[in-house]
Amino acid sequence: MKYVTTVLLGAVALMPLTGLLCADAVWMDGSAPAINIGATWGVPWPAGSTPKDAAFALRDSSGKSIPVQTWTTAWWPDGSIKWTAHAVPAGIAIDNNLKVVHGAPAVPEKSITVRETAANVEIDTGVMRCFVEKSGRVLISKITRAGNPVLSNGRLVAISSKTPELGGAADIFQSRITGVTIEQRGPVRATVKIEGYHADANREWLPFTLRLYFYAGGETLRIMHSFVFDGDAEKDFIRGLGVRFEVPMTDLMHDRHVRYVGEGRGLWAEAIRGLTGLRRDPDAKNKGNPVKDAQIAGLACPPVETFNPQVSERLQYIPAWGDSTLSQLSANGFTIRKRTKAGHGWIDVDQGGRASGVGYIGGAKGGGIVFGLRDFWQRHPSQLDIRNAHTDAAEVTIWLYSPEAPAMDLRFYHDGMGMDTFEKQYKGGLEITYEDYEPGFGDAHGIARTSEIYLWALAATPSRDAIVDMAALVRDPARLVCPPARILAANVFGNVWSLPDRSTPGKSAIEDRLKWQVDYYKNQIDQRHWYGFWNYGDVMHSYDRDRHVWKYDIGGNAWDNSELSTDLWLWYYYLRTGRADVFRLAEAMTRHTGEVDTYHLGRFAGLGTRHNVQHWGCSAKQVRISTAAYRRIYYYLTADERVGDLMRELLDVDKKFNDVDPARKLGDASPLGDYDARVSFGIDWANLAAAWLTEWERGGDMKYRDKLLRGMRDWGNMPLGFFTSDRYGYRIADGSIEPLSLRGKLTAENKPISVSHLDSMFGAVEIFSELIQLTEGRPEYEGFKKAWLQYCVLYSAPKEERIAALGVNFKNGALVQAHSRLLAYAAKMSGDNKLAARAWEKFAVTDYPGYSGDWAKVVLATERIKGPTILNPVDEAKWVGTNLSAQWGLSAIQCLALVGDKMEK
């Protein structure tokens, strides 16, 4: 047996390679997709098991070698590999049980090659070649297949006006490149990043980042399109935002085809010049229907000479429909229309519910492009345009935001209503609508959105079955994933989760509730239509029992914006179950909260926005919303570069803390003195720690590791741990922390201790569990661990225990049930069975606004509400709120993992 010798925090360990270097990967939906366009996924490795220079190969269930490209996405503190990412080629059969093993990887039959010149970058997958420009307005100058061009002049387009009303003058902007970076060069996967702005002769704005993904043997280009709104919401109203390109049209008019995929496997498929339904039959002289059958199938028709002369001599009189549009202006309705060419009237084709967002234009012989936009109906208003298909070059526009919809209006939704002082804002608006309002803070400047686009470069018009299979992949991309048991065995996300366990009635009841909650939200998203360009991926915060609606229009009760770690609840539930629908639910939330609810430039860059009627509306701008804790699980599971970028945006967010002090309205905050900012341990510092920990793992700038460890040391040296002060002085340069004012028995008068019930609700529990795991044996470990365990115990301790430890009882102590998982962690780490019993006792208490009582008595059922009581029939559970759901879910998951064996009933 081979062994690897590694140093783990000072101890030398011999780790057998067999078993440790074997990782499973399965198709998330349970079976291989109809079309394999290539795939990437992440694999975790136990600490000390895998040396940093390890090579990896991939084998299928029969032992056959599969070509693979591997790169490391995280390392353990000892230098051994923590996470790897793996990519497999397109176009090959890949079964549902892959093993990553130690050894040299197989080489793909058609390796990707990347060639770079001063002017452009050429990527050759072995099937298609793509030419990416390094400057100018055109991003992709051409894509060829077998030497024949199938796409040209790929660029971005934006339309804006100075008024949201229809009819105003519009400005048109196109992409302008500022930089191109080759991030990966094959042999299996290549990635190219393009950065720039949307520009016209007078202005550059709407910065964009495009990532282009290519796989060996692939005919597909995947594009991740990200942009930031850097305009003035009072003056800049986006009317359209899209990706545009041309497709050469060389076939005869009746051999040119247009396709739009509707709902499911529904398809609208026609020729630019149709030969069916005519007064004269083109097949009148033929045996069977070779002309019509070929055209319906998208194949080349027989030579014109074989047509019925009554048709062949009059082809010029049959209209050629050069333009067509599929528009999805709402979640539940799309329309298709067409016209012969510009300057002539449109005719209606058909309507449907939820289009797949996939189209095709091209020829039976000359080939063409299948194009698709993921989450097409979910992110309405969206649109697909084909223009000039009757000419030598058809123009395609994939509208991420449809120009036929009302303009984006990102202005704040009210005028302040007289809340012109902190007192009115804090004791007025916050008290009545739960909204934290401050003039000028409800600003959309700096928010972002990322969209996912697919292009297939085809040599011929695809069959009807083929294009609907492509559409299925656009709607729900096929993913290889590492199974839950394999991830758990690697111990990469701390000790706070486990696999589902129904071994006792009590555990089974918890598992039932966990499943019911996720399913309920999944259904609420659809029934309540939580869709739209800026909205999709988020859920609502609180429920209005009287109106039978979620509080969509009531201040801080509307969009959730990650309040109390909704993202983490979904991700940990996915880690336990491996459910594909839960992954996609969490993925959509990660895409939303990391982009829309977070600022990427401007005065609030790096901060997120608290829950509100608008995602950017609340004046509470905090790192508790933008935190890397909500992104890192998705990043490691998928190796998604965009999410990796978003986490790196947070590394220096501490520089914003004093500019936007969360405690600025309280009036009783301790003086700042010569510190750079005030921080709390959980809402602020724990989320700096999440970003710095992730950067340390990813092998980035070690100054962030040093700031992280300095903070851990300082917390460990606090005389009363996390109870030492109400707020703490923080220095940006080295990350040092000191109490701004002492509390409890540290003062002669036993100053009262104020503890926030929110400090541990935004990722602190999960991140601290990993920090303690990762730093064992380091100088920072003992003090930090002691301080955290003290907090975990005393927060939910009886008054007498608090006074004995701190010299005084403290205020607050809300969210008792949510803090049961802190007790469970302390019980696990200390082996104290009394703490375990207390954890389950506190878990049984529900003390959330709108509901209190024994959760075990909750009936997991809904009531059907219909008729004039409500606009649309819905399934209602009045007691559900998102704070309760997220924190109950996390507490259940963690109590089961940590003290599940100590549950008495």
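Does alanine 146 count as buried or exposed, and at what relative accessibility? Alanine 146 counts as exposed, at 73% relative accessibility. Exposed means over 50% relative accessible area, buried means under 20%, and partly exposed lies in between, with a 1.4 Å probe and protein chains only.

Some ground rules. This is a predicted model, where local features need pLDDT of at least 70, side-chain atom pairs count only at pLDDT 80 or more, and totals for chains, interfaces and linings use all residues. Residues are numbered from 1 along each chain as its sequence is written, and side-chain values use heavy atoms, with hydrogens and water left out.

Back to alanine 146. Its phi is positive, about 50 degrees, although it is not a glycine. Alanine 146 sits in the loop between β13 (140–145) and β14 (148–161). Asparagine 491 also has a positive phi, near 55 degrees. Its loop runs between α6 (484–490) and α7 (505–527). Asparagine 491 is partly exposed, with a relative accessible area of 33%.

Now the whole chain. It has 20 helices and 43 strands. These are DSSP runs, numbered from the N terminus: helices are H or I with at least four residues, strands are E with at least two. Of the 905 residues, 61% count as buried. The C-alpha atoms fill a box of roughly 105 × 75 × 55 Å along the principal axes. What about the radius of gyration? The chain has 29 Å, which agrees with the value near 29 Å for a compact globule of 905 residues. That radius is taken over C-alpha atoms, and the globule rule is 2.2 Å times the number of residues to the power 0.38.

Next, two cis peptide bonds. One runs from glycine 186 to proline 187, with omega near 15 degrees. Proline 187 lies in the loop between β15 (170–185) and β16 (189–199). Another cis bond joins histidine 380 to proline 381, with omega near 0 degrees. Proline 381 is in the loop between β26 (367–373) and β27 (382–387).

Last stop: tyrosine 791. Which helix holds it? Helix α16, residues 781–794. Tyrosine 791 is buried, with a relative accessible area of 0%. Setting aside neighbours within four places in sequence, tyrosine 791 is in contact with residues including Phe681, Phe722, Phe723 and Ser760. Contact means heavy atoms within 4.5 Å. Take serine 760: it is 31 residues from tyrosine 791 along the chain, and their C-alpha atoms are separated by 9.8 Å.
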